[in-house]
Amino acid sequence: MRLILEVDVISKQISHYRIKRKLGEGGMGEVYLGEDSRLRRQVALKVLPASFQYDPVRRERFLREARAASALRSPNIAAIYDIGEHEGTIFIAMEYVEGDTLSQRIHNAPFPAREAAEIAAQIADALDEAHGLGIIHRDIKSSNIIVTARGLVKVLDFGLAKLVQPPGGDPESYRTTALNDNESSDQWLEPTVNLGESTTAGLVVGTVPYMSPEQALGSVVDHRTDLFSLGVVIYEMLTGRLPFEGGSTTQLIDKIVHQEPVA
């Protein structure tokens with residue numbers, strides 16, 4: 001009975017948001033196009049799947065995304081409007097960005113160098129905002145980046161974000177400490193666990209083809225892991241393929257750790 005009720009709710013309405021259609025899904029939730037009946041605007045509704053509602057790890061990661069993204073004020077990061085629970089369904093209401101993901105655009109053809117540079121600069125601005133507040137994204141990849149028809153870039157999905165400074169801490173203190181390999185930095189940073197090629201809550205932190213060597217090995221990471229992933233995205237935009245490829249996760253990690261990509 002509960003499952004039938006939840007499916008019926010998602011097919012029609014969540015709180016004051018009317019569901020129009022499903023946009024996609026991933027390890028951390030299903031995303032729907034909705035309409036805010038109060039403000040009369042379209043939103044993207046991210047809903048924690050019913051099977052995860054009572055999983056404390058997945059619930060915490062879902063809420064972490066809302067907290068992390070809501071603190072950011074970059075025009076290149078999708079804004080968070082609301083978070084709530086409706087009849088047992090936890091949801092995040094966020095800015096609906098109409099456009100194509102970079103992965104969709106890259107599938108058609110590589111980017112001209114100038115356009116790739118302009119997109120990369122906007123992604124870097126978004127990361128600068130996040131890193132300045134001590135937030136590591138940890139899953140920068142072409143499918144988490146949308147480009148609108150006017151060329152505006154939006155970074156999505158902070159579901160794997162990690163806060164790497166104490167609450168109320170000084171961003172400059174974070175930068176200094178995170179860059180020093182000492183015991184104090186380990187108190188703020190957590191090791192990354194890699195168990196596969198896709199992002200799955202509780203199993204994988206990141207997406208293997210885009211990981212830095214440290215992230216792929218499960219080592220402590222800081223904001224530089226996002227910069228490495230950005231480099232992978234730039235390479236992908238310019239060439240139409242990933243810099244590191246392998247027949248298995250083990251082969252792929254070995255290449256990321258020990259090899260240089262084709263120039």
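Strands are DSSP runs of E with at least two residues, numbered from the N terminus, and two of them are said to pair if DSSP finds at least two bridges between them. The model is predicted, with local features requiring pLDDT of at least 70 and side-chain atom pairs counting only at pLDDT 80 or more, whereas totals for chains, interfaces and linings use all residues. Residues are numbered from 1 along each chain as its sequence is written, and side-chain values use heavy atoms, with hydrogens and water left out.

In the hairpin of E5 and E6, two residues lie between the strands, and Glu 87 takes a positive phi near 50°. Strand E5 (residues 80–86) pairs with E6 in the antiparallel sense over six bridges, and Asp 82 stands opposite Ala 93 in E6. Strand E4 (residues 41–47) also runs antiparallel to E6, joined to it by five bridges, with Val 47 opposite Phe 91.

Seven of the seven residues of strand E6 (residues 89–95) are buried, so this strand is largely enclosed by the rest of the structure; buried here means under 20% relative accessible area, with a 1.4 Å probe and protein chains only.

A search of the whole structure finds one aromatic pair, formed by Tyr 17 and Phe 91 in an edge-to-face arrangement, at 5.8 Å centre to centre and 70° between the planes. Because Tyr 17 lies in strand E2 (residues 17–26) and Phe 91 in strand E6, the pair ties together parts that are 74 residues apart in sequence. Rings of Phe, Tyr and Trp (its six-membered ring) pair if their centres lie within 6.5 Å, and planes over 60 degrees apart count as edge-to-face. Both Tyr 17 and Phe 91 are buried.

Note on methods:
Buried < 20%, exposed > 50% of the residue type's maximum accessible area, 1.4 Å probe, protein only. Helix = DSSP H or I, 4+ residues; strand = E, 2+ residues; numbered from the N terminus. Phe/Tyr/Trp six-rings, centres within 6.5 Å; stacked < 30°, edge-to-face > 60°.
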